[in-house]
Amino acid sequence: MAFQLPFDTIGRDGLRLWARWLVAAWRNDARRWLRCGTNPTPAFPAQFLVGVTYRCDSRCSHCNIWANYFQQPEAASQEMTLAEFERFLDRNTQLAQIVTTGGEPFNRGDIVEFWLALDRRGHRTGCATNAIETDLILERERFLLSRLSGRHLRHFAVSLDGIEQIHDRVRGIPGNFARAWRLFQWAREQERRYPFYRAEISSTLTAANYREFPALVEWLVKEGVSPDKIAFMGALPSAHYYRNEKTLKPVAAREELAGILEELKRKHPGFGQNYFIESHRQWLRNPASGVACMAGTAFGYIDPYWNVYPCLVLGRKLGNLREFDFDARKLWRSPAARQFRAELAAKPCTLCFNECNRWQSMRATLGGLARIAWRQAGRVLRADRGKQRQWRM
């Protein structure tokens with residue numbers, strides 16, 4: 001009988017992703033130890049967050065992406081094409097992870113083909129959705145599930161920023177909460193049908209709703225949502241992505257928010273059981289704590305027009321991939337990218353600690369991977385299927 005690891009589909013896919021990051025981290029550390037010049041290892045960039053569209057039907061108080069095409073309607077025709085996206089994937093086989101975002105990704109008529117292109121090349125798929133066009137989202141998600149290989153995680157996050165009127169006020173759409181909850185209930189049912197599927201709730205915390213977050217968590221738990229399926233991020237200022245640098249009201253009471261998160265973790269042991277949230281709480285109390293950001297080295301952000309930035313927050317354009325034949329490693333070694341890395345090394349950034357930014361920095365070195373593994377190894381080694389699904393990578 002062949003030996004089988006005691007993991008379900010998501011657990012096995014997590015191990016494959018760990019292996020990719022382990023190779024990238026080893027090559028990065030070896031290059032640094034051997035002092036092989038200032039350019040990053042050929043294993044980098046290892047991760048990109050890709051904005052596949054800026055079309056969005058929300059009217060969020062913390063984000064102005066939705067206003068892009070009201071101000072510049074002609075820009076919508078310049079968004080990336082499926083052929084360009086597939087060219088990008090084939091030119092950058094070193095990438096360990098590619099995450100798609102928007103706007104509202106489901107507002108792209110060909111978004112399913114984007115995700116199938118990722119799946120065919122061994123990548124995970126997923127996104128967060130505002131759930132506004134619920135029927136359209138259900139139609140496209142059902143079609144996608146019927147065509148995915150089933151070998152890689154499909155992550156489906158539904159945005160909920162509060163209960164009922166609070167969420168509708170934050171998102172600017174009356175009735176959005178009811179639609180989001182309906183969509184999440186459907187997604188939970190798919191987890192029982194598809195072993196590679198994971199549904200989560202995603203909350204964005206601002207000054208307007210962070211005190212209501214515990215009430216949302218309590219309500220979700222009462223409705224049968226496992227605490228480990230409740231994720232959050234702090235709203236960030238960004239001139240090139242959210243375009244909210246003049247309107248955002250972030251959480252100023254950082255110590256209070258850290259206390260809220262600690263209390264939720266105490267009451268609900270599954271909440272925050274990963275190294276990212278532990279580090280996030282530390283960062284709230286001391287922005288200089290934690291890991292050094294490796295934006296522009298290990299990871300970056302690509303907007304719908306193929307402009308490349310170090311991350312969601314720093315609006316320093318490093319170049320446009322259309323001018324580099326979609327070869328990210330070539331762009332990564334351009335004078336603009338080298339200059340940015342030199343400036344970041346001289347003056348480290350402490351602006352954020354969100355999962356889509358500095359979480360990647362933990363994965364980019366062997367030491368960072370070791371810290372993550374040490375905190376979560378107990379759950380990985382157990383044969384409990386529910387615990388395996390909490391393994392984050």
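Two strands count as paired here if DSSP finds at least two bridges between them, and with that in mind I would like to begin with the sheet, remembering throughout that this is a predicted model.

In strand β2, the bridge partner of F48 is I98, and the partner of V50 in that strand is T100. Strand β1, residues 47–51, and β2 run parallel and are joined by five bridges. Taking the sheet as a whole, it is open and made of five strands, in the order β2-β1-β7-β8-β9, with mixed pairing. The edges are held by β2 and β9, the latter being residues 319–320, and each has a single partner strand, so one side of each is left without a neighbour in the sheet.

Let me turn to the core. F48, whose partner is I98, is also among the residues with the most contacts inside the largest nonpolar core, which has 113 residues; the others named are F85, F88, F213, I302 and L321. Leaving aside residues up to four places away in sequence, L321 touches F88, I302, W306, V308, F326, D327, A328 and L331.

Finally, the helices. Helix α3, residues 82–91, packs against helix α4, residues 111–120, at an angle of about 20°, with the axes 10 Å apart, and the two are therefore roughly parallel to each other. The crossing of α3 past α4 is right-handed. On the α3 side the contact involves L82, F85, E86 and L89, which meet E113, F114, A117, L118 and R120 of α4; F85, as I mentioned, is also one of the core residues with the most contacts.

Notes:
Residues are numbered from 1 along each chain as its sequence is written. This is a predicted model: local features need pLDDT of at least 70, side-chain atom pairs count only at pLDDT 80 or more; totals for chains, interfaces and linings use all residues. Side-chain values use heavy atoms; hydrogens and water are left out. A nonpolar core is a set of buried Ala, Val, Leu, Ile, Met, Phe, Trp, Tyr and Cys residues joined through side-chain atoms within 4.5 Å. Buried means under 20% relative accessible area, exposed over 50%, partly exposed in between (1.4 Å probe, protein chains only). Contact means heavy atoms within 4.5 Å. Helices (H or I, at least four residues) and strands (E, at least two) are DSSP runs, numbered from the N terminus. Axes are lines fitted to C-alpha atoms, for helices over the stretch in contact, and angles run from 0 to 180 degrees between N-to-C directions. Angles under 35 degrees count as roughly parallel, over 145 as roughly antiparallel, 65 to 115 as roughly perpendicular and the rest as oblique. A crossing is left-handed if the near helix is turned anticlockwise from the far one by less than a right angle, and right-handed if clockwise.
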